[in-house]
Structure formats: structure tokens, C-alpha cells
Amino acid sequence: MPFISKIQRQTDYNRFPPSTPIVIDNGASYFRIGWAGETEPRVIFRNIVQRPRHKSTGETVTIVGDHDPALLKYFDCTRSGPRSAFDSNVVFQFEIMEYVLDFAFDRLGANGSRIDHPILITECVCNPVHSRSKMAELLFETYGVRSVAFGVDAVFSYKYNQLHGICEKDGLAICPGFTTTHVLPFVDGEPVYKGCCRTNIGGYHITDYLKQLLSLKYPHHMARFTWEKVEDLKMEHCYIAPDYALEAQLFQKGGKEAEYKTRCWQLPWVPLPTDEPPSEAEIARKAAIRERQGQRLREMAEAKRSSRINELENQLQGLEFLSQQLGQVQEEDIQSFLSETGYASKQEIELTLTKVTQSLRKAKGEPKPEQAENEEKADSCTSDKYPLINVPDNMLTPEQLKEKKRQIFLKITTEGRQRAKQKRVEEELERERKTQQDEERRLENPQLYLEQMHTKYKELYEKVEQRKRLKTNGGHTNGSSSGGVGRGERLNAAQRERMRLLTTAAFDRGKGEDTFGAKDEDWQLYKLMGKDNDDDDDGADEDEAELARVSSRLQEIDPTFVPKPEPTASQPATTEVPHVRPLTKEDFQIVLGVERFRCPEILFHPNLVGIDQVGLDEMTGVSIRRLPSKDKALANRLTSSVFMTGGCSLFPGINERLEAGIRMLQPCGSPIKVVRALDPVLDAWRGA
């Protein structure tokens with residue numbers, strides 16, 4: 001409805017004289033209010049009230065009717081859901097009804113607490129006297145209305161359509177409403193309330209049933225199935241099947257007709273970016289980028305090497321000049337000369353000169369001198385640097401003995417560092433040799449080399465994975481890898497052997513006097529326990545290093561290669577990562593097939609939702625049998641004018657289905673005609 005300002009509403013309200021009645025259609029689903037004599041109600045809204053609390057201020061606000069979902073982010077609706085004043089189709093919560101009437105009169109334009117107009121308000125068939133008296137009390141005491149009139153909504157709709165020639169004076173009014181369905185017979189234009197009947201099924205149950213079916217069918221989209229959206233789906237797509245069993249068989253078999261009757265609701269969906277394999281142009285572009293990066297790194301390394309060579313040459317020249325000057329200095333002035341240079345002795349200067357010379361040769365890439373020459377120089381340097389090592393102890397003073405021990409320690413440490421350095425140099429040369437051989441094999445046959453590298457990577461990965469699995473589970477690969485694994489199962493073979501030796505020694509030696517160590521074979525226990533049986537660990541380190549090298553090499557030569565993730569303790573190697581299928585457009589489609597006619601079928605078979613009552617077609621027979629008059633001609637006149645009103649009468653096919661159901665219950669040849677109201681939703685207000 002178009003927006004009307006409050007000033008405009010008050011102006012329109014004041015235009016009507018106090019004698020003009022206000023007409024209210026108080027339905028369980030929608031509330032309609034307007035002025036008598038007009039063709040349309042002024043205000044229409046859902047007959048619900050919600051009282052959420054504001055998130056920032058904590059103030060409780062009252063929301064009547066439909067609300068804007070965008071505003072709900074400012075309110076806490078977890079403790080207060082939508083509430084209705086109706087129990088079934090009878091008003092019983094008059095506190096909520098007062099909120100609804102306040103909102104309705106305000107939207108109509110009333111600017112005071114008093115309503116100076118007569119009111120005509122609708123109610124259900126056979127409304128209890130208590131509910132009617134409470135409603136009258138609310139209108140008189142709270143709003144001070146002049147007079148109140150009550151009427152049945154189905155009667156108003158029947159009378160309105162009778163004036164337009166839709167139905168006859170004698171007939172049956174069937175009103176499937178929001179929560180209940182009524183059948184009311186009319187004789188000579190007047191309702192016969194003794195013949196009316198009611199069943200507790202209506203549009204609310206249809207919407208709730210459709211919501212349940214869709215939620216069970218698509219549990220991942222339950223948030224999409226709001227009450228308002230399911231209500232729209234119901235009114236737009238649901239229909240009444242002429243024969244429920246045949247329609248269900250049609251959808252069970254499938255085919256073009258079932259596909260034609262199926263509806264699809266597409267939810268918002270954005271396709272994920274596809275991971276397509278790189279093209280040849282992309283591979284060439286990445287190779288060119290890597291080549292440029294490699295060239296840049298080589299240039300940086302060359303510049304760094306040149307700077308290093310210049311620095312070493314300057315340092316070598318300074319040391320040579322210092323050695324020449326030292327040779328010209330007399331023996332007694334050497335210490336004073338060295339104290340100015342920062343060196344402790346002439347041997348230290350010569351050792352530094354040797355190191356700088358070796359570093360310069362290495363930086364320039366020159367071949368190293370012969371091993372014998374190096375050993376000779378090393379021996380001479382050692383004899384000069386550690387002069388007390390070869391001197392007998394009986395020829396040394398206590399201070400010299402201490403200095404000799406220190407020199408021995410320094411010599412052993414230096415030799416150890418040199419051996420480790422030599423080993424690293426040899427390993428580096430070996431790696432360079434392997435890299436050169438790999439490059440030659442790759443250039444000779446790139447495809448074969450790539451396949452071999454992939455095969456080697458797979459074998460190494462499985463080997464490392466198997467070793468980690470055995471180390472984690474202790475060789476028990478049949479069961480689960482998590483939970484119930486004792487410490488003994490986590491030990492490897494060598495650790496279990498040590499545990500066995502300790503346990504055996506404890507049991508054997510704990511029986512009586514402790515004589516351990518009396519025999520020579522007792523000490524073999526320490527040798528067995530100290531024996532290095534952890535060769536597997538060294539092999540594991542070598543395999544992991546080789547795996548890392550192969551993985552790095554594959555990343556260099558194969559742009560499409562993706563290394564496998566290394567298994568961790570929280571995710572063992574035996575745990576398989578579940579394959580998640582990427583979501584597609586079909587995953588965001590809500591297909592309405594059998595639900596289209598299964599949900600409204602509860603109007604004719606309420607037992608589908610657990611309500612043990614009769615359907616619409618059987619209700620007509622019950623209503624006719626309740627009439628005081630058993631005239632067959634009257635029954636024929638009633639069935640010849642079956643009038644449908646209410647929101648649920650808008651379902652396509654309901655007239656034909658109801659006519660077929662009544663025909664099966666009435667005698668053969670009985671005239672049966674089912675008509676629908678001009679406007680099943682608003683005709684009750686218009687008739688009032």
C-alpha cells in the first residue's frame with residue numbers, strides 16, 4: 001500500500017462524520033480496517049505482535065504486523081517471537097488485541113484515545129459469548145466507542161456475492177481460513193447455525209507442512225525458509241490435485257508431464273573460480289619470470305662475490321705489508337710493534353694470512369693447493385702455534401703444563417672443526433655433482449626425467465609416511481591411529497630391547513643379595529644398552545632430506561606440481577582427508593515437485609498431518625445431515641450452490657476436486673455446482 005503521512009491520515013479521519021461506521025475484518029491471519037461505504041479497506045496488516053528488546057538501549061518496543069527484516073539487526077528477537085491474539089479462530093489474548101487495535105486506529109488516523117464512530121467487527125462462526133463480551137468490553141472501556149456490532153465473516157462474504165449473483169439464496173458456504181475451516185448452510189438467504197460444522201485445518205497448517213517438508217529436503221538452506229517466503233511459495237506454486245494417488249504415481253514414475261509440473265526456486269549463487277591447468281603460454285610466462293629472477297639473483301651473487309674479493313685482496317695486501325714491516329723490526333721491539341697492530345704474535349699474523357689467502361682462492365674459484373702442501377703448512381703452523389705439545393712433561397714447569405693442556409684442547413677442537421668443515425665441503429661438492437648429473441639427464445630427455453622424479457617423490461613420500469605411521473602406532477596398522485595407544489606401542493625396536501634388558505636385570509638381580517658387577521659378563525649389559533641401534537632414525541633423516549630435495553626440484557621444473565602435506569600428530573598419515581565436492585548451481589536450487597499438491601491435500605485428508613478429522617468434501621454431507629429439515633429437494637438446492645470463500649479457496653483445482661468429492665457422497669444425479677467468491681480475501685470486509 002502507498003505510504004500516507006500521519007497528518008494526511010488524521011485529515012482523512014476528520015472528514016468522516018461521527019455517524020460513519022468503522023468496519024473491521026478481524027481475521028486470524030490479516031487485520032483489515034476501513035470506512036463503511038468504501039470499496040477497499042484503508043489498512044491491512046498481519047494480525048501478529050512482536051515485542052523485541054533494543055540491543056543498545058535495552059528498551060522493549062512493540063512491533064505490530066509485518067516488519068522490515070533489515071531493522072531486526074537492531075533488536076534482540078530471541079526472547080520474543082511473533083504472537084497472535086487468537087487460539088485457533090477465537091480471540092483469547094486481549095492484551096495483544098489491544099496492541100493490534102491501537103496500531104489499527106493510529107494508521108486509520110485517530111488522534112485521540114476516544115473513537116467517536118460505531119464499529120462493525122467480524123468474528124468466527126459460533127464465537128463463544130465470553131470472547132465476544134471481552135471484545136465488547138475492550139472497545140467500550142478502552143476506546144469509548146458509541147456502539148459495536150458483531151457479524152460472521154463467512155455470512156458477510158456470502159451476502160456480498162449473493163448481491164452480485166454469484167450464489168443463490170439456498171446454498172453451502174465453505175470457508176477454509178487460516179487455522180480452521182467452516183461449512184455454514186444458508187436457507188432462504190439466512191444462515192442456519194445449527195447445521196454448521198468446523199474442522200481444525202487451514203492455511204496455517206498447509207504453510208507449516210510445506211516448511212517442514214522443505215526443511216527436511218534441504219537442511220542446508222533452512223534459514224531461507226522463513227514463514228513469509230514459504231507462504232509466498234504456497235500461494236504461487238501449490239495446487240489441488242484432481243486425484244491425489246494418480247498425481248503421486250505420476251511424479252513417482254517421472255516423465256515429461258511430471259517435469260512440466262515441477263517448479264524450481266533458484267537461490268542466490270556465485271560460481272567459484274575454477275582451477276584450470278595452466279596453458280602452455282602461462283607455463284612459458286612463469287618460466288620466463290623464473291629465468292629473470294634467477295638472472296637477477298646471479299647478478300646479485302656476482303656483485304657480492306666481487307665485493308668480497310676486493311675486501312679480501314685489501315686485507316691480504318695489508319697483512320703482507322704488515323709481515324714485511326715485521327721482518328724489519330728487531331727482536332726486542334716486536335712486542336711493542338704487535339701491541340699497536342692488535343695481533344698477539346707473529347704466528348697469529350701468519351695463520352690469518354693463510355686463512356685470507358684460502359678464502360680469496362675460494363672466492364675466485366681457483367684450484368686448491370695439493371693436500372701434501374696443505375698438510376705440511378698445517379704441521380708447520382701447528383708446531384709454531386702449539387710449541388709445547390711435543391715437549392715432555394718433565395721438562396716443563398707447572399705453568400707450562402697448564403699451558404700445554406690448554407694447547408692440546410685447542411688443537412683437538414681446531415682439528416675437529418676442520419674435519420667438520422672438510423666434510424661439509426665434500427657434501428656440498430657431492431650435491432653439486434648430483435645436481436649437475438640431474439641437469440644433464442633432464443636436458444637429455446625432459447619428459448622421462450620428469451616422470452622419474454615424480455615416481456621417486458611418490459616412493460619417498462610413501463616410505464616416510466610408512467615410517468611415521470609405524471613410529472606413531474608401534475606397527476599396529478589395523479586399528480585406529482588415535483586413542484588406546486600405550487607407551488610400549490609407541491617405542492621402536494631398539495627402545496623395546498633396552499626396556500627388555502632393564503626389566504630382565506631388575507628381576508634377575510632382585511632375588512636376594514645384589515651381586516651385580518661381580519662377573520665380567522654383567523658389564524655387557526651397558527654395552528648392549530648403549531649400542532646404537534637407531535639406524536632407522538638416521539635413515540629417516542636421509543629420506544626426509546632427499547624428499548625435500550626432490551620436492552624442491554619438482555617445483556622448479558614442473559609448474560603444476562603441488563607437494564603433498566606432511567602428516568602431523570593431530571592428523572596422522574592414516575587419516576584420509578574427505579573429498580569435498582565443490583558447490584554448483586544445482587545445490588542452490590529448491591525443487592518443488594510432489595510438495596506442490598501434497599501440502600494442500602491436507603484440506604481433504606487432515607490425517608496426513610495427524611489431525612483425525614474429516615475433509616472439505618465430507619464436511620458438506622455432515623452439514624446437510626445436521627439441518628432440522630430432511631427435505632431431499634433442500635439438499636439438492638444446497639449442493640447446487642456450494643460457495644467457496646477464504647484464502648485457501650484460491651488454490652487452483654479446488655473447485656473441481658470439491659465437486660468430485662461431493663458427487664461421490666451424494667445420490668446419483670444430484671445437482672452439484674461449486675463457485676468461488678469474487679474476491680475470497682476481501683469479500684468479507686466488503687460485505688460487512
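## Basis

In this predicted model, local features need pLDDT of at least 70 and side-chain atom pairs count only at pLDDT 80 or more, while totals for chains, interfaces and linings use all residues. Residues are numbered from 1 along each chain as its sequence is written, and side-chain values use heavy atoms, with hydrogens and water left out.

## Overall make-up

The protein has 688 residues, and 34% of them count as buried. Buried means under 20% relative accessible area, exposed over 50%, and partly exposed in between (1.4 Å probe, protein chains only). The accessible surface comes to about 42,700 Å². Carbon and sulfur atoms hold 52% of that surface. These areas come from the Shrake-Rupley method with a 1.4 Å probe; for residues, only the protein chains shown count as cover.

There are 23 helices and 19 strands. Both are DSSP runs numbered from the N terminus: helices are H or I with at least four residues, strands are E with at least two. A contact means heavy atoms within 4.5 Å. Among contacts with a separation of 6 or more, 66% link residues 24 or more positions apart.

## Nonpolar cores

A nonpolar core is a set of buried Ala, Val, Leu, Ile, Met, Phe, Trp, Tyr and Cys residues joined through side-chain atoms within 4.5 Å. The largest one holds 43 residues. Leu 603, Leu 616 and Leu 658 touch the most other members. Elements that each supply at least two residues of this core include β12 (171-176), α5 (203-217), α20 (616-626) and α22 (654-665). The largest share, five residues, comes from α5.

Leu 658 touches Ile 174, Phe 604, Leu 616, Asp 617, Val 642, Met 644 and Val 674, leaving aside residues up to four places away in sequence. Another core, of 33 residues, lies apart from the largest one. Its members include Ala 28, Phe 105, Ile 121 and Tyr 143.

## Strand β10

Strand β10 spans residues 119-123. Five of its five residues are buried, so the strand is largely enclosed by the rest of the structure. Both faces are covered. Ile 119, Ile 121 and Glu 123 are buried on one side, Leu 120 and Thr 122 on the other.

Strands pair if DSSP finds at least two bridges between them. β10 pairs with β1 (residues 22-26) in the parallel sense, over three bridges. Here Ile 24 has Ile 121 as its bridge partner. Five bridges join β10 to β11 (residues 148-152), also running parallel. Glu 123 is bridged to Val 152 of β11.

β10, helix α3 (residues 129-143) and β11 form a right-handed β-α-β unit. Right-handed means that, with the strands pointing away from the viewer, the path from the first strand over the helix to the second runs clockwise.

## Loop residue Ser 641

Ser 641 sits in the loop between α21 and β18. At 3% relative accessibility, Ser 641 is buried. Ser 641 touches Tyr 158, Cys 167, Glu 168, Asp 170, Gly 171, Leu 172 and Lys 673, again not counting residues up to four places away in sequence.

## Cysteines

The structure holds zero disulfides. A disulfide is a pair of cysteine sulfur atoms within 2.5 Å. For Cys 197, the closest cysteine sulfur is in Cys 196, 7.1 Å away and too far for a bond. Cys 197 is buried, at 7% relative accessibility.

For Cys 599, the closest cysteine sulfur belongs to Cys 238, at 5.4 Å, which is also too far for a bond. Cys 599 is buried, with a relative accessible area of 0%.
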